[in-house]
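Reader: I am new to this structure. Please show it to me, and then I will ask about the terms.

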Amino acid sequence: PYKNVLVNDLVLDKFGQKMHKSRGNGINPFPLLEEYGADATRWFMLNASPVWVPLRFDIDGIKDVSSKFFGTLKNTYTFFQMYANADNIDPREYHIYYNDLEEIDKWLLSKYNRLIKKVNDSFKEYDLNKATQAITYFVNEDLSNWYIRRNRRRFWKSDADLSKKSVYQTTYEILCGLCKLIAPLAPFT
């Protein structure tokens with residue numbers, strides 16, 4: 001059913017000690033999965049260290065991943081959805097050619113295409129740590145902190161001109177692409 005299997009090295013507690021029920025540092029995973037979800041837990045484990053290095057398991061790390069990565073991604077989607085619904089704009093109903101996009105749209109698409117290459121190369125090397133770190137950086141810095149923040153006025157415009165349609169199309173394309181890119185690592189998202 002598969003050609004390769006990739007498993008974690010030892011999972012240690014946050015202080016680097018082996019986890020044992022008898023020591024009291026073992027963790028029941030089910031409450032964590034219920035509270036933060038399987039995707040946040042998996043993303044933390046892949047993002048915290050390469051799989052061939054013992055993992056220091058820390059619940060605070062899962063909290064960080066849940067808020068700083070998944071929270072940022074969901075907030076970006078919610079921002080996009082809220083304004084697209086308010087403006088009654090569906091980016092699937094039109095196409096703006098690349099040459100007609102604004103420079104910042106082209107910048108984000110370029111960053112996204114570099115991200116795809118880096119993630120694919122990381123997958124080929126079985127280095128999921130590199131992949132999750134690159135995706136996390138892209139979502140937090142390039143997409144949320146740079147692109148969305150600097151383009152709010154384009155979303156807020158009253159008329160649906162070329163600029164406004166471009167920002168919607170670019171954001172939609174990136175969000176759909178990110179969902180596909182993270183699917184092997186976070187399939188429930």
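Reader: Why does Ser 158 count as exposed?

Author: Exposed means over 50% relative accessible area, buried under 20%, and partly exposed in between (1.4 Å probe, protein chains only). Ser 158 has 76% relative accessibility, so Ser 158 counts as exposed. Ser 158 is found in the loop between helix H6 (152-156) and H7.

Reader: What are these values based on?

Author: This is a predicted model, where local features need pLDDT of at least 70, side-chain atom pairs count only at pLDDT 80 or more, and totals for chains, interfaces and linings use all residues. Residues are numbered from 1 along each chain as its sequence is written, and side-chain values use heavy atoms, with hydrogens and water left out.

Reader: Why does Tyr 2 count as exposed?

Author: Tyr 2 has 59% relative accessibility, so the exposed label applies. Tyr 2 lies in the segment before strand S1 (11-12). Strands (E, at least two residues) and helices (H or I, at least four) are DSSP runs, numbered from the N terminus.

Reader: What makes a nonpolar core?

Author: A nonpolar core is a set of buried Ala, Val, Leu, Ile, Met, Phe, Trp, Tyr and Cys residues joined through side-chain atoms within 4.5 Å. The largest one here has 45 residues. Trp 43, Leu 115, Ile 135, Phe 138, Leu 143 and Leu 178 touch the most other members. H5 gives the most to this core, with 9 residues.

Reader: Which residues does Leu 143 touch?

Author: Contact means heavy atoms within 4.5 Å. Leaving out residues up to four places away in sequence, Leu 143 touches Thr 76, Leu 108, Phe 138, Ile 148, Ile 174, Leu 175 and Leu 178.
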